[in-house]
Amino acid sequence: MLIREVEIDGQAPLDVRLQEGRVQEIARSLEPGTGESVFPARGGVLLPGLHDHHIHLMALAARRTSLPCGPPEVRDSAALARQLEQARPDPRSGWIRGVGYHDSVAGPLDRWTLDAWVPEHRLRIQHRSGALWILNSAGLEALGIDAADCVLPPGAQRDARGLPDGRLLRCDDWLRAQSTEQEPPDLRPVGQQLAAFGVTGVTDATPHNGAEELSMLSRASQEGALPQRLCVMGRRDLPCSGNPRVERGALKLWISEHELPDLRDLLREIEGAHEADRPVAIHCVTRSELVLAASALATAGGHPRDRIEHAAITPPDLMEQLARIPVTVVTQPNFLWERGDRYAREVDPGDLPWLYRCRGFEEAGVSLAGGTDAPFGNPDPWRAMQAAVERCSEGGLCLGGEERLRPEEALALFTRPLEDPGAAPRRVEPGAPADLCLLDRPWTRARDSLEADCVAATFCDGKLVWRAR
Ligand SMILES: [Zn+2]
């Protein structure tokens, strides 16, 4: 494959030859060999393919057949009622599956509120945090947990009368075991959607990933449904895949301020992973979660590829602590755009300047990479990059203007190596893997407004996997 007339690192026009999955040659002018296909780039910039360093592929696939139950599609209880009353169960699973719920829509939900909207069909709605499912009575009955004398899984709650109230907190493993999902979700549309954004690699950050999820993802990779390179985080017992395009990633540790783990237990987990030469990735969205994670990592001694996911609130004292340990923060600037208006109302005003920081990490010398957290965030990494540049909410509020990045720095959040997001951004150079994103314009024009519409073509492993019409 020969890509004609591209711009690379400000130099143009250049021709680029891809061979056997690598960038083989870059020169002012290259002649196509016999049978070699030629792709005209017409002066567009050729970038390293984007890497989304924090995403949830299965949930993103499942979302495509789910009902949106929260902002922006559904903003109040009347809209939610309409959405649910029209919904029909998925014929394969027998369930109506709602996602993205937030209490700003209709307050905290329980089985009784859901029964008023959907009395007959089985219904389950996931809270936007991903931690909570709410089921109606028909759903609870189908799972055998609707009555006062039922044995409930840990995390399932009861109301004042002792009846299961339909709220299942962190019961995902149990729900999966009851096979409420239509397995396996079709990953092909997800692979195509990401390819259209110029994404050539993703890290799946799902905490419960184990052998089964790994083999599903690996199969999707082999079949070409997921053309992207994959790094899969997950449980302690997550095996290696044997597929060169699917790498085992960090041990994912999900801590929550509502039940913070004992520091010694957390240390044991971290040290166990490090002994097996495996990094850890700790989920931290609150100040106290970050305090615990930082002190655990400092005590355990770092693995060079340890990560903190989100670091949603990082005040100066914690920034100093993070700067002293070898850790990479993986942030989601897209949340500033998507959730910024609500953050402005709900986050402690004292914490607002420390919300999803960018510049502050760069200045403190803490490595920073980006991910969208889709489906909990929008999967378009260009939106995340533009949000890192502007730091504006959808409603036009500015959040932490001092934390703005230049477009080049925002791009770098998504071009670092998959397996080591703290390392320098990749470059388009001879010998590099041919995972590439071609834009329809030179960088000097693209940088003014970072958007997915600029993507002209995406190459994974040297093959054209997507092109704009
Ligand atoms: Zn996540």
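## Two sheets

Two strands count as paired if DSSP finds at least two bridges between them. Keep that in mind as you look around this model, which is a predicted one.

Start with the sheet of six strands. It is open, its pairing is mixed, and its order reads β7-β8-β9-β10-β12-β11. At the edges stand β7 (67–68) and β11 (156–158), and each has a single partner strand, so one side of each is left without a neighbour in the sheet. Further in, you can pick out β9 (residues 122–127) and β10 (residues 132–135), which pair in the antiparallel sense over three bridges. To find your place in that pair, look for Gln126, which stands opposite Trp133 in β10.

Now move to the sheet of eight strands. This one is open too, but here the pairing is parallel, and the order is β6-β13-β14-β15-β16-β17-β18-β19. Its edge strands, β6 (50–55) and β19 (367–370), each pair on one side only. On average, and ignoring direction, neighbouring strands of this sheet are turned by 25 degrees against each other. Take β16 (residues 280–284) and β17 (residues 307–310) as an example: they pair in the parallel sense over four bridges.

Two packed helices are described by the angle between their axes and the distance between the axes.

Helix α9 (residues 263–275) packs against helix α10 (residues 287–300) at an angle of about 50 degrees, and their axes are 9 Å apart. The two are therefore oblique to each other, and α9 passes α10 in a right-handed crossing. On the α9 side, the contact is made by Leu263, Leu266, Leu267, Ile270, Glu271 and His274, while α10 brings Leu292, Ala296, Leu297, Thr299 and Ala300. Sort the residues of this contact by class and you get eight nonpolar, two polar and one charged.

For the other pair, look at α12 (residues 334–346) and α14 (residues 381–390), with axes 6 Å apart and an angle of about 75 degrees. Angles of 65 to 115 degrees count as roughly perpendicular, so that is what α12 is to α14. Asn334, Leu336 and Trp337 of α12 meet Arg383, Ala384 and Ala387 of α14. By class, this contact divides into four nonpolar residues, one polar and one charged.

## The domains

Step back to the whole chain. The domain assignment gives domain 1 (1–46 + 431–469), domain 2 (50–57 + 186–425) and domain 3 (66–177). Between the C-alpha centres of domain 1 and domain 3 there are 47 Å.

Terms used:
Residues are numbered from 1 along each chain as its sequence is written. This is a predicted model: local features need pLDDT of at least 70, side-chain atom pairs count only at pLDDT 80 or more; totals for chains, interfaces and linings use all residues. Axes are lines fitted to C-alpha atoms, for helices over the stretch in contact, and angles run from 0 to 180 degrees between N-to-C directions. Angles under 35 degrees count as roughly parallel, over 145 as roughly antiparallel, 65 to 115 as roughly perpendicular and the rest as oblique. A crossing is left-handed if the near helix is turned anticlockwise from the far one by less than a right angle, and right-handed if clockwise. Two residues are in contact if their C-beta atoms, placed from the backbone, lie within 7 Å. Ala, Val, Leu, Ile, Met, Phe, Trp, Tyr, Cys and Pro count as nonpolar, Asp, Glu, Lys and Arg as charged, and the others, Gly among them, as polar. Domain bounds come from an automatic or database domain assignment.
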